[in-house]
Amino acid sequence: MTTTTTINNTEAATPTPAEWTLVNPDIDPLTGWQALSDDIGGKHSFLIEYYKRCRSGEIIIGRELKTTLEMLIQDIFCGGGKYRFTLDAAHRRIDFIEN
């Protein structure tokens with residue numbers, strides 16, 4: 001769903017926040033997700049960027065993927081140190097694919 005915004009006599013489609021319905025009703029979606037940093041340990045996290053773009057409605061995904069993505073993000077930000085999340089291996093693979 002998008003809304004049309006007119007700026008300087010130019011119409012632009014602006015995505016509206018997506019409905020964030022999860023498969024598991026026991027999981028409460030994060031509030032304040034817009035303020036999440038895309039960087040972890042000084043490196044860009046494409047997972048967090050993807051999460052924020054899905055939450056904003058820019059990317060449309062199904063409920064099962066929403067639930068899995070929400071669980072991953074909550075593990076990263078609310079895990080209380082239970083998990084170690086590093087981006088080194090992910091960035092090596094992305095660099096290899098892009099170059």
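C78 lies in helix α2. Helices here are DSSP runs of H or I with at least four residues, strands are runs of E with at least two, and both are numbered from the N terminus. I start with C78 and work back along α2 from there.

First, the ground rules. This is a predicted model, where local features need pLDDT of at least 70 and side-chain atom pairs count only at pLDDT 80 or more, while totals for chains, interfaces and linings use all residues. Residues are numbered from 1 along each chain as its sequence is written, and side-chain values use heavy atoms, with hydrogens and water left out.

Now the overall layout. The protein has 3 helices and 4 strands, and along the sequence they follow the pattern β-β-β-β-α-α-α. Of its 99 residues, 25% count as buried. Buried means under 20% relative accessible area, exposed means over 50%, and partly exposed is in between, with a 1.4 Å probe and protein chains only. A contact means heavy atoms within 4.5 Å. Among contacts with a separation of 6 or more, 56% are between residues 24 or more positions apart.

Back to α2, residues 63–78.

Which residues of α2 are buried? They are K66, T67, L69, E70, I73 and Q74. These residues cover an arc of only 170° around the axis, which puts them on the same side of α2. The arc is taken from the directions from the helix axis to the C-beta atoms. An α-helix has 3.6 residues a turn, so residues three or four places apart point the same way. The buried residues of α2 pack against α1, residues 46–56. Just after α2, G80 takes a positive phi of about 65°.

Next, E70, which is in helix α2. E70 has a relative accessible area of 0%, so E70 is buried. Its side chain is joined to that of Q74 by a polar contact of 2.9 Å. A polar contact is a pair of N or O atoms within 3.5 Å; within protein, one must be able to donate a hydrogen and the other to accept it, and residues adjacent in sequence count only if both atoms are side-chain atoms. Leaving out residues up to four places away in sequence, E70 touches W20, L22, I27, D28, P29, L30, Y51 and R55.

L30 is in the loop between β2 (10–15) and β3 (39–40). At 15% relative accessibility, L30 counts as buried. L30 and E70 are 40 residues apart in sequence, and 7.8 Å apart in space, C-alpha to C-alpha. For C78 and L30 the values are 48 residues and 9.5 Å, C-alpha to C-alpha. With residues up to four places away not counted, the contacts of L30 include Y51, E70 and C78.

Last item: aromatic rings. The whole structure has 1 aromatic pair. W20 and Y51 form this pair, edge-to-face, at 5.8 Å centre to centre and 90° between the planes. Rings of Phe, Tyr and Trp (its six-membered ring) pair if their centres lie within 6.5 Å; planes under 30 degrees apart count as stacked, over 60 as edge-to-face and the rest as tilted. W20 and Y51 are both buried.
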